[in-house]
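Reader: I'm new to this one. Could you show me how to read it, one feature at a time?

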Amino acid sequence: MTASKFASSVSAAALALALAFPAHADVPVPVDQPYPGTIVLNVDATDLSQQVFRMHMTIPVKPGPLTLLYPQWLPANHGPNGPITQLAGLKFTAHGKPVEWKRDPVQVYAFHLTVPVGATSLEAEYQYLSPLEPGQGRITMTDDILGVQWISTTLYPAGYVARGINVQANLKLPAGWQYATALETDNRAGDDVHFKSSDLETLMDSPLFAGRYSKRFDLDPGGKVPVRLNVFADSPESLEAKPEQIAAHRALVQQAYKLYGSYHYDHYDFLFALSDEFGGIGREHHQSSENGVKPGYFTDWAKSETGRDLLPHEYTHSWNGKFRRPAGQNVPNFNTPMDNELLWVYEGQTQYWGSVLAARSGLVSAAGARDALAASAARYDSVAGRAWRAVQDTVYDPILNARRGLGWPNWQRSEDYYVEGMLIWLDVDTRIRELSGDKRSLDDFARAFYSVNNGSHLPAFYTFDDVVATLNQVQPYDWAPFLRAKLDGHGPGAPLDGLARAGWKLVYTDTPTDYLKGVDDRNKVLDLTYSLGFTVTQDGAVRNVVWDGPAFRAGLAANTTVMAVGDRVYKPELLKAAIKDAKDGKPIRLLVRKGNVLRTISLDYRGGLRYPRLERIEGTKDRLTTIFSALK
């Protein structure tokens, strides 16, 4: 075929395709203008047996093209992972007649339709299918608890900034259930709840928990603004909290006020689920937070110290992440990509303050806080992937990986900006203390950075330069190159200078701390990360193999099961005994199964059991105890 005939053939084919598939409508760019009228959203949350939320929405419209969006970028998830696969049954009508829709072929969270002549409103019906099993996603409805995340149940018109769209939400609850939310209630008639209209951003940022069994605790009696702990549980027994337990939660509020010197809400509601079935969660919002843990939070208080930094972490986000936000997250709506570059501040510093406030309030003991810090320091000191991937790059993991499981997390790295970010901020805190002769600390940064515009709900955005400028205001230093070296460097090892400057060092002994025992018991695993280089479940399933560790060098991977230790059927106690015996030169022989293949491997390791803990450095100032001590 000649070049001219080939070009002619291509042109003809292109024309035929264009006629068969007309160009898709563009998704309108958001403009800062009010949407005309108020959208009414009705959510029926009564189908507990099938775990289905049913929505009816009335949207004021005018004739012509209209694009509706399902939220894609979820702010607290840091990625484009709106649960669109759970959206089903989408139908539109106007004047009682069907209106067809077409999904945008590129921006697949967008739906195009044409409003017929004469129509002033569009009716939408659809469902949100709460996952039935954890493998399908987080379970948001059980027979005893439900969570309404408006961001998962709402469509909204493209072409407008979220704050310019007004929505009035209504909710039908199961009979007799109570609820809690930061959203303002207009009235409740029986099991029908009518909320005051709000802008779309406020609605999306105000989820709701409801349940058969619930209790509310006032965490700031007589305070200027209400702070409430709203607890929902699988059974009434799980709701029974002792006065000293509630006292620690009240101390959290006071310690936060002393640290940040401000508040940025009209009221704050902890939404707290204690359940074996309702999906676990920790998600921040401006005037509330979603929190979900196992049922024994109050009733097994002595055993449940691990994880009690969850509420302090999410509460801190009211200041850091919701009020003060990275400038790259100043987006007009929920379908505009966000810039995660500063998540090491947004999440990393919040991780630090969550741990500190847990200790200062008494939710966690000083010893527990130290043990948790030791576990974090050891975990990140063993991250082999630091050699090729800096912690700064991990801020993009919510976008790249969407929190899916990893085969080699120690090498691939995941969202390490949380805990490694915490270690960096410990370094900053202790460095300020050392440079100032212990007259100033990161507490002073917190007051300077988060106390601005006290009482305001409007977000105050910040850049890297703003963070550096505030640090220099507190204590002059070369903060920009210091932070960049920590964020962009490759080690070796975790950034543990702050730990040493706090007067403590990371050591390993042959007995686990109470904290580590609690973690292993909760996860039902035997953690041998710092000896053999892997974690193994009670039934022998291998998890989290350390890259280039003893198990890795023996050819072990996380899709393998330990069947036997030596000639004995696998039990955790047998494996621990074999590790102890190997110190005397006895090889560690494991019969392992991968798929249908059985093989015996020999582990060349003689270092015994190793568990991390902190130990005081003689002759140094104990700044860590000061950091964990309650503010007066």
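Author: Happy to. Keep in mind that this is a predicted model. Let's begin with burial: of the 632 residues in the protein chain, 53% count as buried, where buried means under 20% relative accessible area.

Reader: What secondary structure does the protein chain have?

Author: The protein chain comes to 19 helices and 32 strands. Its radius of gyration is 27 Å, close to the 26 Å from the globule rule for 632 residues, so the chain is as compact as a globular protein of that length. Along its principal axes, the C-alpha trace spans about 85 × 80 × 55 Å.

Reader: And how much of the contact count comes from residues 24 or more positions apart?

Author: Such pairs account for 73% of the contacts in the protein chain that have a separation of 6 or more.

Reader: Now a helix. What span should helix 8 have?

Author: Count 1.5 Å a residue: the 16 residues of helix 8 (residues 366-381) should span 22 Å, and the end C-alpha atoms are 22 Å apart, which agrees. Buried residues in helix 8 include Gly 368, Asp 371, Leu 373 and Tyr 380.

Reader: Is helix 11 mostly covered or mostly open?

Author: Mostly covered, with 15 of its 17 residues buried. The length check works here too: helix 11 (residues 419-435) should span 24 Å, and its end C-alpha atoms are 24 Å apart, which agrees.

Reader: What follows helix 11?

Author: Gly 437, with a positive phi near 65°.

Notes
Residues are numbered from 1 along each chain as its sequence is written. This is a predicted model: local features need pLDDT of at least 70, side-chain atom pairs count only at pLDDT 80 or more; totals for chains, interfaces and linings use all residues. Side-chain values use heavy atoms; hydrogens and water are left out. Helices (H or I, at least four residues) and strands (E, at least two) are DSSP runs, numbered from the N terminus. The radius of gyration is taken over C-alpha atoms; the globule rule is 2.2 Å times the number of residues to the power 0.38. Buried means under 20% relative accessible area, exposed over 50%, partly exposed in between (1.4 Å probe, protein chains only). Contact means heavy atoms within 4.5 Å. The expected span of a helix is 1.5 Å times one less than its number of residues.
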